Amino acid sequence: MNRLQERAFLNRLEELRGPVPPRPHDARAIAALAANPGCTRRSVMDAAGIDKDRTARHVGFPAPFGQSQFAITRGNGFEALVKENGCAELLRVLRELLGLPVSQVGYQDVESVGSHLRHSHTRALIDRAAREEDGAAVFYDHPLFSLEIAGHTSYLEPDVVAFQIGGRFHIVEIKSFGLVDGQAEPGKVAAAARQAAVYVLALRRLLADLGHDPERVSHDVVLICPENFANRPAGALIDVRKQLAVLNRQLARMTRVERLLADLPAGLTFDLAPDESGVPTRSAEELAEALRQVPARYAPDCLSTCDLCMFCRDEARVCGSTDMLGRQIRDQLGGVSRVSEALGLAEGTREPAEGQEEIAELLRLANRLREESLR
Amino acid sequence: MSDSLDALERRIAELRAEVRRAVAARENALARSLRGDLRRAEQAWDAAVTAEAPPRQREPEIALVPIREQVHQALALLGVPTSAKLIVAVNDAFFSRELRGSQLTSLRRDEERSFRSDPYARPYYLCAALTDRLSPARGLLTDSTWPTELRVLGPLSPRVHFLTSAMRIAEHLTRLAEPPEGAMRLLSRMAQNIPGAVEGFAPADPVTAIRAAGAELEVHRAADAAQRAEVAARATSRLSDVERLFGVTAMNTLRGAC
């Protein structure tokens with residue numbers, strides 16, 4: 001892309017967003033991107049840095065989630081417990097989990113330099129740690145990484161980065177959901193893994209930028225959770241290679257978002273046109289109409305990650321899309337995009353189009369089985 | 001008891017009425033002696049009421065110790081730079097139990113203000129621990145009378161401080177004839193994170209805890225001392241008195257750090 005094209009691309013994104021500053025991405029938002037890579041609506045809105053939460057509220061479909069104050073307090077409390085006394089609890093867990101040698105107990109609080117220098121100080125410390133070959137294990141508390149996303153830099157704050165055995169960096173993610181009998185809620189673990197993958201990626205890019213081998217960041221992240229029903233921290237290793245691959249692909253896709261933009265009608269904008277006090281003045285129908293111009297790919301998983309989920313779900317319901325039945329069923333129904341179409345094929349009232357013969361056969365079989373069992 | 005109170009109240013009412021009559025009749029001498037009787041009756045009433053009230057749970061004289069004294073007491077026991085949370089825990093386990101975390105938030109700032117306006121007027125100041133960039137470390141309190149080497153931090157220091165505090169708490173427990181239960185719980189909690197100090201979730205034995213913490217401390221001691229000596233030398237040569245106690249602000253650290 002040459003300079004002129006780039007300018008035009010950024011202008012187009014600004015046009016989509018309207019005259020408000022772009023919304024910075026945090027790790028949670030970047031992780032959510034990886035959760036549904038096929039959704040154009042989300043890709044475009046994220047690339048333009050649009051405040052999806054406000055948009056969703058304005059069109060009358062506020063997201064059903066948000067962080068509860070109690071959850072935040074609980075999370076912060078647990079994190080403080082894990083980190084207190086020079087990460088004493090974390091050291092115990094890592095000694096049990098990874099066999100961290102007793103002599104490796106260093107601790108550096110990056111925040112001690114003041115918030116404006118945190119990013120450069122993180123760089124300097126990581127550079128020094130990667131350069132020194134003695135492999136002194138050091139916990140870097142409150143580090144600050146950056147990740148370039150669609151032209152603007154997002155800053156990320158992992159919980160702790162541990163540098164340890166064999167000269168490999170490990171990301172430590174502290175979460176306050178319980179690890180009961182070695183098991184935790186899969187949805188929450190998946191979300192934590194996606195989030196940690198963002199940090200791994202950011203650290204790998206930092207190392208590559210400094211001229212070190214990015215593979216020195218382990219793809220195994222350490223997840224620290226309270227064990228069973230007590231408040232005692234316990235740890236587990238999670239392999240985030242899959243999440244990393246999705247994330248890489250999605251971020252590469254975002255830099256190619258201009259191709260997605262080319263398909264959008266000219267003059268399309270998601271500008272809320274806020275007045276002086278910040279109250280949106282654009283009519284909700286108009287905005288909803290603009291949103292419908294961009295194809296979405298709704299899946300039930302969106303309900304836990306995307307601010308626009310309720311809007312997309314409503315849309316999928318109204319047009320009877322097979323998307324709302326979940327990803328697995330949608331994939332099995334490949335080529336059949338409407339529920340009514342699938343029913344028509346099953347009941348034989350509709351002739352299968354080219355390429356639909358196989359799925360039509362299956363649907364008819366399923367229908368026959370159902371009829372017989374109901375008889 | 002309450003009978004005598006009732007009797008006293010009746011007597012006070014009678015005496016008041018008599019005083020009023022005496023004053024109305026301008027019998028000054030009689031009024032004066034009656035007033036004396038009234039005062040004595042009221043004092044007796046006061047004494048009876050206080051005797052009847054339940055005894056106060058906490059000793060009032062301990063609550064009178066200023067916050068900085070209580071913090072100093074905890075720091076003297078631990079002997080290393082300590083976070084507010086652990087100071088409160090130690091105070092709760094061994095001392096007055098009057099200290100609250102929120103009371104410590106502005107302590108360091110107040111001490112700095114006092115030192116700036118009138119240096120060395122107090123026998124000790126509660127001051128900051130210094131990081132390797134000579135800035136104040138977050139949330140740690142130290143005692144100004146300690147040598148600079150003890151008040152600076154290297155990368156290994158947080159662990160060394162944790163092990164030392166656990167040892168000091170355990171040593172103090174061995175000195176006490178009746179170790180307080182809260183202190184045993186505090187030690188057990190700390191010992192969980194020291195290899196070989198305690199079996200599972202059992203209460204910690206102070207002697208074993210001292211031995212285990214000492215063993216790990218031996219591993220770190222030399223490296224930590226060398227790192228701290230280097231930072232301390234820098235602090236001594238570069239910083240003014242007040243900066244040496246309370247650290248330099250972030251902008252000034254740019255001068256010579258790293």
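Helices (H or I, at least four residues) and strands (E, at least two) are DSSP runs, numbered from the N terminus. An unreviewed UniProt entry places a "coiled-coil region" at residues 5-32 of chain B; UniProt positions are given in the numbering used here, feature names are shortened, and annotations may be inferred rather than shown by experiment.

This is a predicted model, in which local features need pLDDT of at least 70, side-chain atom pairs count only at pLDDT 80 or more, and totals for chains, interfaces and linings use all residues. Residues are numbered from 1 along each chain as its sequence is written, while chains are lettered from A and ligands numbered from 1 in the order in which they are written.

## Where the chains touch

How many residues of chain A are in contact with chain B? There are 22, and they meet 21 residues of chain B; two residues are in contact if their C-beta atoms, placed from the backbone, lie within 7 Å. On the side of chain A that touches chain B, α5 (69-98) and β1 (106-109) each supply at least two residues. Helix α5(A) gives the most, with eight residues.

By class, this side of chain A has nine nonpolar, seven polar and six charged residues. Here Ala, Val, Leu, Ile, Met, Phe, Trp, Tyr, Cys and Pro count as nonpolar, Asp, Glu, Lys and Arg as charged, and the others, Gly among them, as polar.

A:Cys87 lies in helix α5 of chain A, and its phi is near 60°, a positive value in a residue other than glycine. A:Cys87 counts as buried because it has 24 C-beta neighbours inside 10 Å. A residue is buried if 20 or more other C-beta atoms lie within 10 Å of its own, exposed if 12 or fewer, and partly exposed in between, with C-beta atoms placed from the backbone.

A:Arg74 also has its place in helix α5 of chain A. With 14 other C-beta atoms within 10 Å, A:Arg74 is partly exposed. A:Arg74 and A:Ser176 are 102 residues apart in sequence, yet 7.0 Å apart in space, C-alpha to C-alpha.

## Helices packing in chain B

Helices α8 (residues 157-175) and α10 (residues 206-238) of chain B pack at an angle of about 145°, with their axes 8 Å apart. Axes are lines fitted to C-alpha atoms, for helices over the stretch in contact, and angles run from 0 to 180 degrees between N-to-C directions. The residues of this contact divide into twelve nonpolar, five polar and five charged.

Helices α5 (residues 84-94) and α9 (residues 181-191) of chain B pack at about 140°, with axes 7 Å apart. Here B:Ala89, B:Asp92, B:Ala93 and B:Phe94 in α5(B) meet B:Gly182, B:Ala183 and B:Leu186 in α9(B).

## The nonpolar core

Which residues touch the most other members of the largest nonpolar core? Of its 139 residues, they are A:Val200, B:Ala166, B:Leu187 and B:Ala209. A nonpolar core is a set of buried Ala, Val, Leu, Ile, Met, Phe, Trp, Tyr and Cys residues joined through C-beta atoms within 7 Å. Helix α7 (residues 186-209) of chain A gives the most to this core, with eleven residues.

Not counting residues up to four places away in sequence, B:Ala166 touches B:Leu187, B:Met190, B:Ala191, B:Ile194, B:Ala209 and B:Ala213.
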